[in-house]
Amino acid sequence: MLDGRPLVDAHVHTARLPTLPPAWRQWAEEFGSAHPWQELYDDSGALVPDRVDAYFEAEGVDVALLLCEYSPRTTGYQPIEDLVPLVKHNPRRFKPVANVNPHLHYPIDAELERQLGFGAVALKLHPVHGGFSVADPELYPAYALCRDAGVPVVVHCGTSSFPGSANRYADPTPIDDVLRLFPGLPFVLAHGGRGWWYDAAAFLALSREEVWIELSGLPPRRLPEYYARHDLKRLARKFVFGTDWPGVPGIAPNARAIAGLGLDEETVSLVLGGNAMRVYRGIADDAGSGQVTGG
């Protein structure tokens, strides 16, 4: 709990350092310089579960969604297996998110099913780092599996500065085509259209009940600027809080900045935790209790 509200961070990178390119380390050190994220690692570059759990507890985070990634041309391989120590240490606080890449995984639904076996609460797609369109038919079996299993799809919708990124694939517009084929499948737009697509992301979220905007990488104080052409109070009811940790000044400061935007209390509570509890399967009990104890 943070200031009496359940808090879900829906976008957390907890990779082992040896799996990452130098550009990732530079990104984390630049945007995460306000907090000592390096101290959570051991000498081998692996996160120490006790330290990580204590850090997220101190930040008021009830549930953190941990991302893996299979993007060899940009950020490398961060396999879902590397998330297991954190999830085992505190399965109530830490939840894994699956990731597939149609250039690597075939049959793609078999790989997704394997990762769901680790307890993944969502599927994350990274078209920008993976170099594919979210509307690629190769992804259809994964979408069908997510639809049938009640698993939401998180899509990176925003520019990336990592070498090898294909930013043309950050446009969320093709998701509209996917939803015609898979109506009702929840989509979460990570980074909210960062760069050139804020209006497209906002339109999708406001016009489609199953589309949500996730705020990772977006400074809260600039949200009124980014979405200036839209009713922020209405749009905010489709926001899901996320930070892009460790590339963030701090989790609690970002959450408190959301609370400082002048939104009503009900909307703030939805953004910081309520919407995530609605979208991601199986986290409502853990996030809503406000009592997450490490094992």
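**Entry 1: H156**

Which residues does H156 touch, not counting residues up to four places away in sequence? I looked, and the list is K124, L125, H126, P127, V128, A170, A190, H191 and R194. (Contact here means heavy atoms within 4.5 Å.)

Before going on, a note to myself: this is a predicted model, where local features need pLDDT of at least 70 and side-chain atom pairs count only at pLDDT 80 or more, while totals for chains, interfaces and linings use all residues. Residues are numbered from 1 along each chain as its sequence is written, and side-chain values use heavy atoms, with hydrogens and water left out.

Back to H156, which I found in strand β7, residues 153–158. Helices (H or I, at least four residues) and strands (E, at least two) are DSSP runs, numbered from the N terminus.

Is H156 buried or exposed? H156 counts as buried because its relative accessible area is 3%. The cut-offs I use: buried is under 20% relative accessible area, exposed is over 50%, and partly exposed is in between, with a 1.4 Å probe and protein chains only.

I then checked the polar side of things. The side chains of H156 and H126 are joined by a polar contact of 3.1 Å. A polar atom of the H156 side chain also lies 2.6 Å from the backbone oxygen of G158. (A polar contact is a pair of N or O atoms within 3.5 Å; within protein, one must be able to donate a hydrogen and the other to accept it, and residues adjacent in sequence count only if both atoms are side-chain atoms.)

**Entry 2: the sheet**

In what order do the strands of the open sheet come? I traced eight strands, β1-β2-β5-β6-β7-β8-β9-β10, with parallel pairing. At the edges I found β1 and β10 (239–240), each of which pairs on one side only. For the rule, two strands pair if DSSP finds at least two bridges between them. Strands of a sheet pair through backbone hydrogen bonds, either parallel or antiparallel.

I walked along from β1 (residues 8–13). Six of its six residues are buried. Four bridges join β1 to β2 (residues 63–67), and the two run parallel. D9 has A64 as its bridge partner in β2.

Next came β2, where five of five residues are buried. Which residues of β2 are buried on each face? V63, L65 and L67 are on one side, A64 and L66 on the other, and all are buried, leaving both faces covered.

L67 stands opposite V97 in β5. From β5 (residues 94–99) I moved to β6 (residues 123–125), which pairs with β5 in the parallel sense over two bridges. A98 has L123 as its bridge partner in β6.

Further along, β7 and β8 pair in the parallel sense over five bridges, and V155 stands opposite L189 in β8. I noted that eight of the eight residues in β8 are buried.

I went to I175, which sits in helix α7 (residues 174–181). I175 is called buried because its relative accessible area is 0%. Leaving aside neighbours within four places in sequence, I175 is in contact with V134, V155, C157, F187 and L189. I also checked I175 against V153: they are 22 residues apart in sequence and 11 Å apart in space, C-alpha to C-alpha.

Helix α8 (residues 198–207) lies across β8 (187–194) and β9 (211–214), and runs at about 155° to β8. Axes are lines fitted to C-alpha atoms, for helices over the stretch in contact, and angles run from 0 to 180 degrees between N-to-C directions.

**Entry 3: two helix pairs**

How do the axes of α4 (residues 108–116) and α6 (residues 140–149) cross? They come within 7 Å and cross at roughly 40°. So α4 is oblique to α6. Angles under 35 degrees count as roughly parallel, over 145 as roughly antiparallel, 65 to 115 as roughly perpendicular and the rest as oblique. On α4, I108, D109, L112, E113 and L116 meet P141, A142, L145 and C146 of α6.

For α11 (residues 251–259) and α12 (residues 265–279), the axes come within 9 Å and cross at roughly 155°. So α11 is roughly antiparallel to α12. Here A255, I258 and A259 of α11 meet V268, V271 and L272 of α12.
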